[in-house]
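Please keep the sequence and the structure in view while reading.

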Amino acid sequence: QVQLVETGGGLVQAGGSLRLSCAASGRTFSGHTMAWFRQAPGKDRDFVAAIRWSGGTQYYADSVKDRFTISRDVAKKTVYLRMNSLKPEDTAVYYCALDRESRPLVTLGGAYDFWGQGTQVTVSS
């Protein structure tokens, strides 16, 4: 059993920055992938970024690749999402996810075995 807890969401003005954290507890997997997804009201849950735990290879959605940075702290079992130059369209609930098998298609929500409860990010104009 793996539990994921997201923190760091909040209200920020357009152009500002936030740093989200996702801490894993319980059983974890050394060869896993962790990712961030987001969901705006009435919209589908969309891929944001992912990172391979072994090696740290990063993946980004086109809409965020020049503004967001995903990273991980292996010792703390924590993944981070640094969000810069935030836009109102970034407003959403951000979810952390873990794929214990490190499946090839990191952008698909169905690849992930565990999900956090989400943290709200609101960007005002």
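Arg 67 has a relative accessibility of 11% and therefore counts as buried, a term that denotes under 20% relative accessible area, with exposed meaning over 50% and partly exposed in between (1.4 Å probe, protein chains only). Its side chain meets that of Asp 90 in a salt bridge, at 2.7 Å from N to O; such a bridge requires a side-chain nitrogen of Lys or Arg within 4 Å of a carboxyl oxygen of Asp or Glu. Asp 90 is likewise buried, at 1%. The pair joins distant parts of the chain, 23 residues apart: Arg 67 lies in the loop between β6 (58-60) and β7 (68-73), and Asp 90 in the loop between β8 (78-83) and β9. Strands (E, at least two residues) are DSSP runs numbered from the N terminus.

The model is predicted: local features need pLDDT of at least 70 and side-chain atom pairs 80 or more, whereas totals for chains, interfaces and linings use all residues. Residues are numbered from 1 along each chain as its sequence is written, and side-chain values use heavy atoms, without hydrogens or water.

Six salt bridges are found in the whole structure. One of them joins Asp 62 and Lys 65 at 3.7 Å; Asp 62 is exposed at 63%, while Lys 65 is partly exposed at 45%. Asp 99, Glu 101, Arg 103 and Asp 113 are linked in a network.

There is one disulfide, defined as a pair of cysteine sulfur atoms within 2.5 Å. It is formed by Cys 22 and Cys 96, with the sulfur atoms 2.0 Å apart. Cys 22 lies in strand β3 (residues 18-26) and Cys 96 in strand β9 (residues 92-99), so the pair ties together parts 74 residues apart in sequence. Both cysteines, Cys 22 and Cys 96, are buried.

Conventions. Helices (H or I, at least four residues) and strands (E, at least two) are DSSP runs, numbered from the N terminus.
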